[in-house]
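Colleague: Could you walk me through this model, one question at a time?

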Amino acid sequence: MTGSAASPITSVLFYIFALMAVASAVLMVTRRNIIHSAVFLITTLLATAGIFLQLEAEFLFVVQIILYVGGIMVLFVFVIMLVNLDVSLHLIQFNRQKYVAGVLAFVLTAQLLIAFWVGRSSLNLGDARAMDPKNTEAVGQALFQRYMLPFEIASILLLVAMIGAVVMAKRRV
Amino acid sequence: MPGAGVLPMPVDNYLLLSLALFAVGVVGVLTRRNVIVMLMSIELILNAVNINLVAFSRYWGSVDGQIFAIFIITDAAAEAAVALGIILAFFRNRETVLADEMDMLKW
């Protein structure tokens, strides 16, 4: 595709990570036990983290593991353990409109594939540009200089979410 | 680490991987009854978007896409916290986490 070819080991790694991500995503959607779903989602997120590392996004790789796998998924597992599991294991797992939903999802995917196919020629843009080797430093510079205001807005969002979560989880409001 | 002009893989491959994860996530949101699995599918969709952003960030040699991905992860964390709080509150009142039994507003 693009100019110089990558070494075979990187493409093998890419296919391993991609296969891991997609396979465990499919398993996550189809498993009956929610804890199994959560574990497969963790596998998907870790495989995605590997792909981030391959794309020289080292800071995002660490953020993905610490924040997503270590933070959000632990929250999910806690909530799964708080709501009862044994009853919902024996219930029907898919809702009544599953066939309609499947067709709709298929149509959406086909649409995106067609868009990808049509726009593919314009994606062939030549070689990629060089990335700053000091990734974490570059991210920090961008975050605290050019993206200062969005950064502060994100911190306010997190504060609001924290208050909201505490109020929601309180026994009596 | 690959050299200056070499992407590990063509951008196409990352887009297709992202598309596959997105499609699986959409199927999960639309077909599952359990609200927690639906929420996890939404996390999967956000993750698929992040792959796109990071791939193009690598392609253009700029960290802007990665910054955007960090904001998306922040949003995912906030969303998960609030949504799981709502699920807990709902479960305490109605003893269910199934989406089609949450029909109090229906008549």
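This is a predicted model: local features need pLDDT of at least 70, side-chain atom pairs count only at pLDDT 80 or more; totals for chains, interfaces and linings use all residues.

Modeller: Happy to! Residues are numbered from 1 along each chain as its sequence is written, while chains are lettered from A and ligands numbered from 1 in the order in which they are written.

Colleague: In what order do the elements of chain A run from the N terminus?
Modeller: Helices here are DSSP runs of H or I with at least four residues, and strands are runs of E with at least two, numbered from the N terminus. Chain A has seven helices and zero strands. From the N terminus on, the order is therefore α-α-α-α-α-α-α.

Colleague: And what radius of gyration does chain A have?
Modeller: The radius is taken over C-alpha atoms, and the globule rule is 2.2 Å times the number of residues to the power 0.38. For a compact globule of 173 residues that rule gives a value near 16 Å. The C-alpha atoms of chain A fill a box of roughly 60 × 40 × 30 Å along the principal axes. The radius of gyration of chain A is 21 Å.

Colleague: What share of the residues of chain B count as buried?
Modeller: A residue is buried if 20 or more other C-beta atoms, placed from the backbone, lie within 10 Å of its own, exposed if 12 or fewer, and partly exposed in between. In chain A, 25% of the 173 residues count as buried. Chain B comes to three helices and zero strands, and its C-alpha trace spans about 60 × 25 × 25 Å along the principal axes. Of the 107 residues of chain B, the buried share is 51%.

Colleague: Which element gives the most residues to the side of chain A that touches chain B?
Modeller: The contact takes 78 residues from chain A and 67 residues from chain B. By class, the chain A side has 56 nonpolar, 16 polar and six charged residues; Ala, Val, Leu, Ile, Met, Phe, Trp, Tyr, Cys and Pro count as nonpolar, Asp, Glu, Lys and Arg as charged, and the others, Gly among them, as polar. Elements that give two or more residues to this side include α1 (8–30) and α2 (34–54) of chain A. With twelve residues, the one that gives the most is α5(A).

Colleague: Which residues of chain A is Ala80(B) in contact with?
Modeller: Leaving aside neighbours within four places in sequence, Ala80(B) touches Leu39(B) and Glu43(B) in chain B. Its partners in chain A are Ile72(A), Leu75(A) and Phe76(A).

Colleague: Is Glu56(A) buried or exposed?
Modeller: Glu56(A) lies in the loop between α2 and α3 of chain A, and has a positive phi of about 60 degrees although it is not a glycine. Most residues other than glycine have a negative phi. Because Glu56(A) has 22 C-beta neighbours inside 10 Å, it counts as buried.

Colleague: And Glu95(B), buried or exposed?
Modeller: Glu95(B) also takes a positive phi of about 60 degrees, and its place is in the segment after α3 (64–94) of chain B. With 11 other C-beta atoms within 10 Å, Glu95(B) is exposed.

Key:
Two residues are in contact if their C-beta atoms, placed from the backbone, lie within 7 Å.
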